[in-house]
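Here are my notes for you to read alongside the model.

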Amino acid sequence: MSKRKQTEVAIEKIEEQEKYIELIHRMNEDEFNKTGKRKTFYIQTYGCQMNEHDSEMLISMLESIGYSQGISEEMADIVIYNTCAVRENAELKVYGNLGHLKSIKKKRPGMKIVVCGCMMQQPHVVEEIKKKYNHVDLVFGTHNLYKFPELLSNVFDREDILVDVWDVDGEVVEGLKSNRKFDVKAFVNIMYGCNNFCTYCIVPYTRGRERSRLPQDIITEIENLVQNGVKEVTLLGQNVNSYGKTLDEKDRIDFANLLRKVNEINGLERIRFMTSHPKDISDEVIYAMRDCEKVCEFLHLPFQAGSTSLLKKMNRHYSKEDYLKIVEKAKKEVPNLAFSTDIMIGFPGETEEDVNDTIDVVKKVRYDSAFTFIYSKRRGTPAAKMENQIPEDIKHKRFDRVLEEVNKISGEVNSEYLNKIVEVLVEGSSKKRNDIMTGKSRQNKTVNFIGGGENLVGKLVNVRITDPKSFSLNGELVEVIR
Ligand code: 5AD
Ligand code: SF4
C-alpha cells in the first residue's frame, strides 16, 4: 500500500470512531442534565515527549465525549495511566498506583481504570495486569490509540478486563486531533518507531519500526497550528536524523530539507527538534540549523557513554572521537549553540575508566543540560543477558560522580549569561508569582522576568539576565520584539 493510501485509510478509521464519540457523548449529556455535574478523568503520563503528545490526543478525545479534566484520581470517573517502558522505575510506579486504586475502586465501583502506552506492548506486562490487577478495565497499546472511544464504549457494561494491544508492525493511524497543552508551543510527530536496536533499549520493541510521515502532512499540520496561534513547534521522532528513509522516492526528502521547508512557514517563529542520533546527523542538518533563522540554537544529542568500547557494546555506531567531532563542527557552524544530552551510567561491563571517558566528554562539550540515567535491565533486550551487570551501589556512586560534574558545568554555563540579553518566547506567568512572566530562550533555557504581564503571552521579547541560577535564568524585560 502506498503511503498516500495509508493516510486515506487513517482518515476513514478515525471517522469510524465518530459514532462511538457520539454515543458516549450522548450518555454523558443525559447524565449531566440529570445531575448537573460533568464526569471527570484523571490522566498520568510517564516517559518521553511522544507519550506527552499521545496523552494530548487522549485528552482531546475525552473532552469531545463530555469529560472534563480533574485533578485527583480518587474522585475521577476515568483514570488513565499512559505508561513508559524505558526504565524499570516508571514501571514500578504504575504497578504501585494500580495497587492503590484497588481500594478506591471498591468504594466507587463505577470508576473505570485504563492503562495504555509502551508498557502494554510487552506481553509479560499484560499478563501481570490480568493476573494481579484485575480491577483494571481497559488495556491498549501504542498502535491503536485512535480506537480509544470505541474501546471505552465497550467497557461500560463489562465486568472483565478488555485488552486490545496490536503488535509492533501494525498499521499506523495518524491525524488525530490533539489537545495542545500550550497555545504557544506544540509537538509535531514527524516519524514513529525506531530501527536502531541499541542493546539496552526497549523502544524498538514497543514503538515498532521506523515510519516517516509525509512532508506535506507535516507542513499542513504546522500551518494549521500556526493559524491557531502556535509560535513554536518541536519536531518529534526517536531519531529525526533518519527522517524520510521510509518514504516512497517521489515523496522523499531528508531531515535537513524538512527543516528548510518548515522554516518557510509564515507566522511560525521557532523550530526545535528531538531526538538526534549522532550516527545519523549529517553536515546538511548542521548547515540547515545554521541557515534557517527559525531553527533554535539548541541540539539534544545523546551520547550515552564516553567509552568507545562501551558504545560498541551498546550498538551505537560511533566512537568518542566521532561524537566530539560532530560537536566541534556544530559549534563552529552555529554560533551560540547550546547542547543537551542523555547519559547512561552502569551499562554491563562498565569500568571506572569508562566513567572517566564519560566525564571527559561532559567536560569537553560543556553541556547546558544533561539527562543522566542509571542503566535499567529491560527484559527482551540483548544487554539484559550480558555478563558483568554492575551492582546497584556501584552504579549509584558512579552516577553521583557524573551528576556532580554535569551540574557544575551547567551552572558555570548559566553564570556566563549575567548581563546578557536573550530572546524569550513568553509562555505565561510563573507558577509561583503572577507578576513574573516565564518563557524559553532560543537555547531552551527557562527565563523568568519582571516587567511584563499576561498580554505578552505568545510574544517574543528581549530580557536582560540579572540573576542566573543553576537551572533557570532570572531577568528583566528590555523590549518587546513582536
Ligand atoms: N536504562 C536506562 N536508561 C535508558 N534509556 C534508554 N533505555 C534505557 C535503559 N534500559 C535512556 C537513554 C535514552 C533515554 C531516552 O533513555 O539514555 O537516550
Ligand atoms: Fe532506543 Fe537507541 Fe532507538 Fe533511541 S536510538 S529509541 S536509545 S533504540
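1. Is Asn 388 buried or exposed? Keep in mind that this is a predicted model. Asn 388 is exposed, with a relative accessible area of 57%. You'll find Asn 388 in the loop between S14 and helix H14 (392-415). Have a look at its backbone too: phi is near 60°, a positive value in a residue that isn't glycine.

2. Asn 315 sits in the loop between helix H11 (308-313) and helix H12 (320-333). With 25% relative accessibility, Asn 315 counts as partly exposed.

3. On to a cis peptide. The bond from Met 274 to Thr 275 is cis, with omega near 5°. Thr 275 belongs to the loop between strand S11 (270-274) and helix H10 (283-291).

4. Now ligand 1. Its surrounding residues include Val 86, Arg 87, Asp 342, Met 344, Phe 373 and Arg 378. By class, this shell has six nonpolar, two polar and three charged residues. As for polar contacts, a nitrogen atom of ligand 1 is 3.0 Å from a polar backbone atom of Tyr 200, and a backbone N or O atom of Ser 376 lies 2.8 Å from a nitrogen atom of the ligand. With Gln 304 it is the side chain that takes part: one of its N or O atoms is 2.6 Å from an oxygen atom of ligand 1. The protein covers 85% of the 410 Å² of accessible area that ligand 1 has on its own. Strand S13 (338-345) and strand S14 (369-374) are the elements that give two or more residues to this shell.

5. Last, helix H2 (residues 18-35). Its 18 residues reach 25 Å from first C-alpha to last, close to the expected 26 Å. The buried residues of H2 are Tyr 20, Ile 21, Ile 24 and Asn 28. Seen down the helix axis, these fall within an arc of 100°, so they line one face of H2. The face turned away from that buried side carries the exposed Lys 19, Asn 33 and Lys 34. After H2 comes Gly 36, with a positive phi near 75°.

Definitions and conventions. Residues are numbered from 1 along each chain as its sequence is written. Chains are lettered from A and ligands numbered from 1 in the order in which they are written. This is a predicted model: local features need pLDDT of at least 70, side-chain atom pairs count only at pLDDT 80 or more; totals for chains, interfaces and linings use all residues. Side-chain values use heavy atoms; hydrogens and water are left out. Helices (H or I, at least four residues) and strands (E, at least two) are DSSP runs, numbered from the N terminus. The expected span of a helix is 1.5 Å times one less than its number of residues. Buried means under 20% relative accessible area, exposed over 50%, partly exposed in between (1.4 Å probe, protein chains only). The arc is that of the directions from the helix axis to the C-beta atoms. A residue is near a molecule or strand if one of its heavy atoms lies within 4 Å of it. A polar contact is a pair of N or O atoms within 3.5 Å; within protein, one must be able to donate a hydrogen and the other to accept it, and residues adjacent in sequence count only if both atoms are side-chain atoms. Accessible areas come from the Shrake-Rupley method with a 1.4 Å probe; for residues, only the protein chains shown count as cover. Ala, Val, Leu, Ile, Met, Phe, Trp, Tyr, Cys and Pro count as nonpolar, Asp, Glu, Lys and Arg as charged, and the others, Gly among them, as polar.
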